[in-house]
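Subject: Structure for you to look at

Hello,

Please find the structure below, with notes on what turned up in it.

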Amino acid sequence: EVNKPTNNQQTTEADDIERLNDALVSATSRRARYPEKAAKMLDKTLQTNSESLKNLRADVSISGCPTTYPRPSEEMLAAKDAQLAKLADDVNNCKRAFLENTEKTQHLKKSFQILHNNMN
């Protein structure tokens with residue numbers, strides 16, 4: 001079975017997490033009041049947490065999630081290829097239109113500059 005606790009694994013309950021949070025709040029409060037003593041306590045807490053995290057595992061059941069996925073049909077693959085080809089054509093058309101518009105803009109700028117120069 002998935003993540004079944006073995007002899008050297010421990011289980012974690014919500015109460016354990018709540019006790020850990022309470023301990024952290026208490027340690028933080030003491031650190032403010034007694035910095036040297038609290039530093040030693042915090043160091044020990046961090047060492048304990050570090051050791052606990054090395055063996056931490058979660059037992060999560062997954063239901064209704066397929067473990068294998070069907071291969072797409074040839075029709076689906078052909079439709080995807082057709083959509084990609086159309087997308088590529090659309091991108092190329094956009095590039096061409098952009099270049100054409102850029103050229104038109106350049107010609108308009110030149111025409112405006114010529115008119116402006118002729119008026120002065």
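A residue is called buried under 20% relative accessible area, exposed over 50%, and partly exposed in between, using a 1.4 Å probe and counting protein chains only. By that scale D90 is partly exposed, because its relative accessible area is 33%.

Some ground rules come next. The model is predicted, so local features need pLDDT of at least 70 and side-chain atom pairs count only at pLDDT 80 or more, while totals for chains, interfaces and linings use all residues. Residues are numbered from 1 along each chain as its sequence is written, and side-chain values use heavy atoms, with hydrogens and water left out.

Overall form

The chain contains 3 helices and 0 strands, and its elements follow the order α-α-α from the N terminus. Helices here are DSSP runs of H or I with at least four residues, strands are runs of E with at least two, and both are numbered from the N terminus. The radius of gyration of the chain is 34 Å, whereas a compact globule of 120 residues would have one near 14 Å. That radius is taken over C-alpha atoms, and the globule rule is 2.2 Å times the number of residues to the power 0.38. The C-alpha trace spans about 85 × 60 × 20 Å along its principal axes. Of the 120 residues in the chain, 2% are buried. R31 sits in helix α1 and is partly exposed, with 41% relative accessible area.

The accessible surface of the chain is about 11500 Å², and carbon and sulfur atoms account for 56% of that. Accessible areas come from the Shrake-Rupley method with a 1.4 Å probe; for residues, only the protein chains shown count as cover.

Charges and salt bridges

There are 18 positive and 17 negative side chains, and the centres of the two sets are 9 Å apart. Lys and Arg count as positive and Asp and Glu as negative, leaving out His and the chain ends. Each charge is placed at NZ of Lys, CZ of Arg, CG of Asp or CD of Glu.

Side chains of opposite charge can pair when their charged atoms come close. A salt bridge here is a side-chain nitrogen of Lys or Arg within 4 Å of a carboxyl oxygen of Asp or Glu. The count by this rule is 3 salt bridges.

- In helix α1 (residues 14-33), R19 pairs with D16, with 2.3 Å between the closest N and O atoms. These two are 3 residues apart, so about one helical turn separates them. R19 is exposed at 53% relative accessibility, and D16 is partly exposed at 27%.
- K54 and E51 form a salt bridge with closest N and O atoms 3.3 Å apart. Both belong to helix α2 (residues 35-54), 3 residues apart, or about one turn of the helix. K54 is exposed at 59% relative accessibility, while E51, at 48%, is partly exposed.
- K86 bridges to D90, with the closest N and O atoms 3.2 Å apart. Both lie in helix α3, 4 residues apart, about one turn of the helix.

Surface patches

Patches are made of residues with over 30% relative accessible area and no salt bridge; like charges are joined within 9 Å, and nonpolar side chains (Val, Leu, Ile, Met, Phe, Trp, Tyr) within 5 Å. Which residues form a negative surface patch? They are E13, D15, E18 and D22, and D15 is found in helix α1. A nonpolar surface patch is formed by L84, L87 and V91, which together have about 260 Å² of accessible area. V91 lies in helix α3 (residues 74-119) and is partly exposed at 41% relative accessibility.

Regards
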